[in-house]
Amino acid sequence: MKILVLEDDIERIEEFRKRFKDVIGVEDVTYCDSAINCIELLKKEKYSLIFLDHDLGDKVFVNSNEQNTGAEVARWIEQNPLESGQSVIIHSVNPSGAKYMMSAIKGAIHVPFVWMDSIFKRTFKQL
C-alpha cells in the first residue's frame, strides 16, 4: 500500500510516522509539505491512500482560494479524478477548508487530525 500525506507541521508528521509504523506496520509513506509538491507526486504515482491537510505554510484557517492549500490539491483532483481503489482522508482542523475539499473530492472523508487515533485503531487495524 502506497500512502501520500500532505502535511507541513513536523509534529503531525512525526505522529503520522509513529501511527503508520506502530499501528499498521506500514513504512512506505511519502510526505510532502506544499500543494505543488503534492500535485507533482500525484501526477507521477498512484497512491492507495491520500491524507490531505488544508492549511499549509505555517498558516491557520487559510482561505481556500489561496494556492498553497489542500484546496489547491482538491481542485486538481476534481479535474483529474482518482482511480478506483484510491481513497482520500482530509485531516484538516479548518472546518471551512475541509468542507470545500470534501465538495471537490467525491468520496473523501473528513477526519480532523485530533481524531486520527480512532481512525488508525478502528480502520487500519483491519489492513
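**Exercise 1. Find how many aromatic pairs the whole structure holds, and classify the pair formed by F16 and F20.**

Solution. The structure is a predicted model. Searching all of it gives four aromatic pairs. For F16 and F20, the ring centres are 5.8 Å apart and the planes meet at 20 degrees. Planes under 30 degrees apart count as stacked, so F16 and F20, at 20 degrees, form a stacked pair. Last, check burial, for which the cut-off is under 20% relative accessible area. F16 has 0% relative accessibility and therefore counts as buried. F20, at 1%, also counts as buried.

**Exercise 2. Classify the ring pair of F16 and F51, and state which elements the pair links.**

Solution. The ring centres of F16 and F51 lie 5.2 Å apart, with the planes at 65 degrees. Planes over 60 degrees apart count as edge-to-face, so this pair is edge-to-face. F16 is in helix α1 and F51 in strand β3, 35 residues apart, and the pair thus links distant parts of the chain. F16 and F51 are both buried. Taken together, ring pairs join F16, F20, F51 and F113 into a cluster.

**Exercise 3. Identify the ring faces over which R17 and R19 lie.**

Solution. R17 lies over the face of Y31, 4.7 Å from the ring centre. R19 lies over the face of F113, at 5.4 Å from the ring centre. F113 is also a member of the ring cluster with F16, F20 and F51.

**Exercise 4. Describe the largest nonpolar core and the elements that contribute to it.**

Solution. The largest nonpolar core contains 23 residues, and C38, L42, L52 and V73 have the most contacts inside it. Two or more residues come from each of β1 (3-6), α2 (35-44), β3, α3, β4 (87-90) and α4 (95-104). With five residues, α3 gives the most. Now take C38: leaving out residues up to four places away in sequence, C38 touches L4, L6, C32, L52 and V73. Another core, of ten residues, lies apart from the largest one and includes I3, V5, V111 and F113.

**Exercise 5. Locate D53, decide whether D53 is buried or exposed, and find its side-chain polar partner.**

Solution. D53 sits in the loop between β3 (49-52) and α3 (70-79). Its relative accessibility is 4%, so D53 counts as buried. The D53 side chain makes a polar contact with the side chain of R12, at 3.4 Å. Setting aside neighbours within four places in sequence, D53 is in contact with L6, E7, D8, R12, G70, H91, S92 and M101.

Note on methods. Residues numbered from 1 in each chain as written. Predicted model: local features only at pLDDT ≥ 70, side-chain atom pairs only at ≥ 80, totals over all residues. Heavy atoms only, no water. Helix = DSSP H or I, 4+ residues; strand = E, 2+ residues; numbered from the N terminus. Buried < 20%, exposed > 50% of the residue type's maximum accessible area, 1.4 Å probe, protein only. Polar contact = N/O pair within 3.5 Å; in protein donor to acceptor, adjacent residues only side chain to side chain. Contact = heavy atoms within 4.5 Å. Core = buried A, V, L, I, M, F, W, Y, C linked by side-chain atoms within 4.5 Å. Phe/Tyr/Trp six-rings, centres within 6.5 Å; stacked < 30°, edge-to-face > 60°. Lys NZ or Arg CZ within 6 Å of the ring centre and 35° of its normal.
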